[in-house]
Amino acid sequence: MLEVGDAVERIKVGDWVCLPFNISCGFCKNCNRGLTGFCLSVNPGTAGGAYGYAGMGPYSGGQAEYLRVPYGDFNCLRLPPDAEEKQTDYVMLADIFPTGYHATELAGSTTRRVGRDLRRRARGAHAAYSAILRGASHVMVVDRLSDRLRLAERLGATAIDDSKGSPVDQILALTRGEGADKGCECVGYQAHDLRGNVRI
């Protein structure tokens with residue numbers, strides 16, 4: 001932390017912190033209920049705010065060298081003393097891995113249920129891995145790009161290529177007609193068009 005405003009009490013200059021992309025106040029009705037992604041204070045007229053997305057409020061940055069953090073005491077996760085030497089580990093707390101993990105939390109993937117999860121992109125890979133960590137017995141990843149399908153298999157998931165036929169039919173065939181018990185949609189912005197051309 002390079003600078004700290006007068007209203008910030010918990011975070012001090014020199015602290016190593018980690019930040020989510022979503023911005024929350026910590027005190028509105030939704031934040032008090034644990035629904036911080038739908039904060040009612042940070043983006044008037046819309047539930048939720050985030051860095052770097054025009055529709056999510058006037059907050060620049062995200063993956064920037066420097067960042068102004070509103071509600072610093074609530075949004076900054078102060079890291080332990082080993083943060084500098086383990087910064088490449090702690091950066092996993094910032095965005096994509098927690099998003100994927102939270103998707104499995106919302107879906108209720110647990111060791112008591114078979115978790116068959118449908119996902120794409122980096123968040124999907126993290127969600128698939130999170131479902132495996134949480135004890136899902138069968139995780140399926142739906143995509144059409146071969147590198148992401150190979151990654152899904154390396155993680156221990158079943159890769160389903162939706163360019164080779166209906167993913168619903170493929171899932172039904174793999175599950176003897178039962179289908180998926182749980183699912184997570186982790187596409188975000190489209191990474192390719194219908195013809196498979198990658199968009200940058």
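Biologist: How many salt bridges does the count come to?
Modeller: This is a predicted model, and in it the count comes to five salt bridges.

Biologist: What makes R78 and D15 a salt bridge?
Modeller: The N to O distance between their side chains is 3.7 Å. The cut-off is within 4 Å, so the pair qualifies. R78 sits in strand β4 and D15 in the segment before β1, so this pair links distant parts of the chain, 63 residues apart.

Biologist: Is D15 buried or exposed, and how do you know?
Modeller: D15 has a relative accessible area of 18%. Buried means under 20%, so D15 is buried.

Biologist: What does the salt bridge of R144 with D162 tie together?
Modeller: The closest N and O atoms of R144 and D162 are 3.1 Å apart. R144 is in the loop between β5 and α6, and D162 is in the loop between β6 and α7, so parts 18 residues apart in sequence are tied together. D162 is buried, at 12%, and R144 counts as partly exposed at 25%.

Biologist: On to the rings. How many aromatic pairs does the structure hold?
Modeller: The structure holds two aromatic pairs. F27 and Y71 form a pair with 5.8 Å centre to centre and 65 degrees between the planes. Over 60 degrees counts as edge-to-face, so that label applies. F27 is in the loop between β2 and α1 and Y71 in the loop between β3 and α2, so the pair joins parts that are 44 residues apart in sequence.

Biologist: Why is the pair of Y51 and Y59 called edge-to-face?
Modeller: The planes of Y51 and Y59 are at 80 degrees, so the pair is edge-to-face, with ring centres 6.5 Å apart. Both Y51 and Y59 are buried.

Biologist: What makes F27 count as exposed?
Modeller: F27 has 51% relative accessibility, and exposed means over 50%. Y71 is partly exposed at 36%, and so is F74 at 40%.

Biologist: Which residues form the nonpolar patch with about 310 Å² of accessible area?
Modeller: That patch is made of F27, Y71 and F74, with F74 lying in helix α2.

Biologist: What stands out in the phi of Y71?
Modeller: Y71 has a positive phi of about 50 degrees although it is not a glycine. Most residues other than glycine have a negative phi. R176 also has a positive phi, about 55 degrees, without being a glycine. R176 is found in the segment after α7 and is exposed, at 81% relative accessible area.

Biologist: Which element gives the most to the lining of the second largest pocket?
Modeller: Helix α3 does, with three residues. About 1000 Å³ of space lies in this pocket. It is lined by 32 residues, and M1, V17, L19, E65 and L67 lie nearest its centre.

Terms used:
Residues numbered from 1 in each chain as written. Predicted model: local features only at pLDDT ≥ 70, side-chain atom pairs only at ≥ 80, totals over all residues. Heavy atoms only, no water. Phe/Tyr/Trp six-rings, centres within 6.5 Å; stacked < 30°, edge-to-face > 60°. Helix = DSSP H or I, 4+ residues; strand = E, 2+ residues; numbered from the N terminus. Buried < 20%, exposed > 50% of the residue type's maximum accessible area, 1.4 Å probe, protein only. Patch = residues over 30% accessible without salt bridge, like charges linked within 9 Å, V, L, I, M, F, W, Y side chains within 5 Å. Areas by Shrake-Rupley, 256 points an atom, 1.4 Å probe, with all protein chains shown as cover. 1 Å grid on protein atoms, 1.4 Å probe; cavity = no way out; pocket = protein on both sides within 12 Å on 5 of 7 lines; lining within 4 Å. Points joined across faces, edges and corners; volume = space filled by probe spheres on them.
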